Structures are given as structure tokens and as C-alpha cells.
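Trainee: I would like a close look at a single part of this model. Please give the cut-offs as you go.

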Amino acid sequence: MTSSDMDIDEGEDPSEFEGGAYWFRQGAKGAFCLPTLILMMAFVGFTSLAREVGLTLTEVLLMSLFMWALPSIVVLTGAMSAGAGLISAAIAVALSAVRLMPMTVALMPVLRDGKRTKTWHMLIVSHFVAVTAWVFAMRNLPSMPRAARLPFFAGFGSTVHFVVLCSTALSYMVLPAVEGPIAAGLVLLTPIYFMFSMYQASRTSGDKAALILGLILGPVFYHFFPGADLLLTGFVGGTVAFVGWLFATRRAEL
């Protein structure tokens, strides 16, 4: 779904179109889409893993509510199952969440509407920054009026959050335990969707090259440097892709 696909509801007052309430509702409607379904399925896989570890429904819901990003939740679950201490678990979760910092930095200027946007507005919606919401926002918000972006994203993020929490609780209580490989596959649905979405949204050949190099270098660095594989993959793959793209661009200009 893109902003151009959104239909104006019959009976809506046109004077509302620039209002925050209208765009919040539009964002909430936009939450019922394929990315949300994929995220729900990923959390179904997580609930199965959580049950095996021995987490209660309350613990699962609190982790989903306050941490939100599924990779960080899985890392914390793994640390708890391994008997890791509080400090070790906190460091592991913090490292897994570092990737959200550049995503948030890239999104905030898109959301901000000059002096009309308060700091506390940004702090609230920053909680919704994760793979699903970020990809959706970066593909749809730039084509919207600036005044509409923050309420639209707030509506989208809060609705996705609520729907996923409900589906997580339901799957924990109703669905039988899923086999380990199947549960792991469901958890991986979100990063797979993120990868294809990023490739589709890539604007330059350098962006596409970085993703392809990441796929190639990831297993290699995991084999030789298992503790620093992700960091090395991003640094080496991104640097090589950027330098190659810069060189090709300069050469084409000659």
C-alpha cells in the first residue's frame, strides 16, 4: 500500500484532510497490510520459542510491548534460556538494537514538521521504529504532506503494535507448540521481507550492490569471525559497494 493507494472515505469532511485525526485514521487503516501479517507470523514463531524456554504469557506480552523489535526479544529470550546474567543479557540486547539508531536518525527528519513537532511527539513514535514500520514509512511518507506524516506514522505504528500484541497473546494461548525449525523460519520472515523491501526501494546501484555483498560476505565472516560477523559484513560490504558506486559514477561523468 502506498499513499497514492489510500482512498478517502465517503462522508469525510474535506476540511479534515490536513488534520491529525484524519491522518491518524489513515495510518491505522494502512496497518492492515502484508507486512503486518508477516510480522504477526514471526511473533507466532517467537511465542513457540518462548513457551519452550518457560516464559509466561505476561512476560511474553511485556517483552513485546516494551522491546517491540523482534530480534532483540529473541536475543533476550536466548540469554534467559542460557542462564546469562543481567548485565550480559543487557549488553547483548543493546548490541542487537544498535541497528535501530541509524534507522531512527533517518526517519526523524522525514516525520518532523518544523517547530510544530514537539520533542515528546518524536519520543513516542520512535518506539515504533522497527523493520516493518521503518520500511513502510520510508516508502510512503515522503509523498505525503509534511503535516500528515507524524500522525499517519503514529496511527500505523500503534495499530500494528496493538494487532501484533493481540495475535501474540492468542497464539500463545491457543496454538500448539510449533516445531523448532518451523518456529525459527517464522521468526526469519521479517528480516527476509526487510531484505527484499530494501532491494526494491534501493535508489542506486550501490545500494543494491551493498545488499548483494552482504548476502555473500555474511556466511563467510560468520565462519571465520563468528563474534564479529555482522559488524564486518556491514562495514566491508557497505564500504566496497560505496567505493565501487562512487568510482563508476565518476567514470561515467568523464
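This is a predicted model: local features need pLDDT of at least 70, side-chain atom pairs count only at pLDDT 80 or more; totals for chains, interfaces and linings use all residues.

By class, how many nonpolar, polar and charged residues are in the lining of the second largest pocket?

Mentor: The lining has nine nonpolar, four polar and no charged residues. Numbering runs from 1 along each chain as its sequence is written, and side-chain values use heavy atoms, without hydrogens and water.

The second largest pocket holds about 210 Å³ of space. It is lined by 13 residues, and those closest to its centre are M67, L100, S126, H127 and V129. Two elements give two or more residues to this lining, helix 5 (86-97) and helix 6 (100-111). The largest share, three residues, is from helix 6. A pocket here is an open set of points on a 1 Å grid over the protein atoms alone where a 1.4 Å probe fits, with protein on both sides within 12 Å along at least five of seven lines; a lining residue has an atom within 4 Å of a point. The volume is the space filled by probe spheres set on points joined across faces, edges and corners. Helices are DSSP runs of H or I with at least four residues, strands are runs of E with at least two, and both are numbered from the N terminus.

W68 sits in the loop between helix 3 (57-66) and helix 4 (70-81). Its phi is near 70°, a positive value in a residue other than glycine. Most residues other than glycine have a negative phi. W68 counts as buried because its relative accessibility is 4%, buried being under 20%, exposed over 50% and partly exposed in between, with a 1.4 Å probe and protein chains only.

The UniProt record, an unreviewed entry, lists "transmembrane region" at several spans, including 61-79 and 86-108; positions follow the numbering used here, feature names are shortened, and annotations may be inferred rather than shown by experiment. In the model, residues 61-79 are 84% helix and 0% strand, with end C-alpha atoms 18 Å apart. For residues 231-248, also in that record, the values are 100% helix, 0% strand and 26 Å.

Terms used:
Ala, Val, Leu, Ile, Met, Phe, Trp, Tyr, Cys and Pro count as nonpolar, Asp, Glu, Lys and Arg as charged, and the others, Gly among them, as polar.
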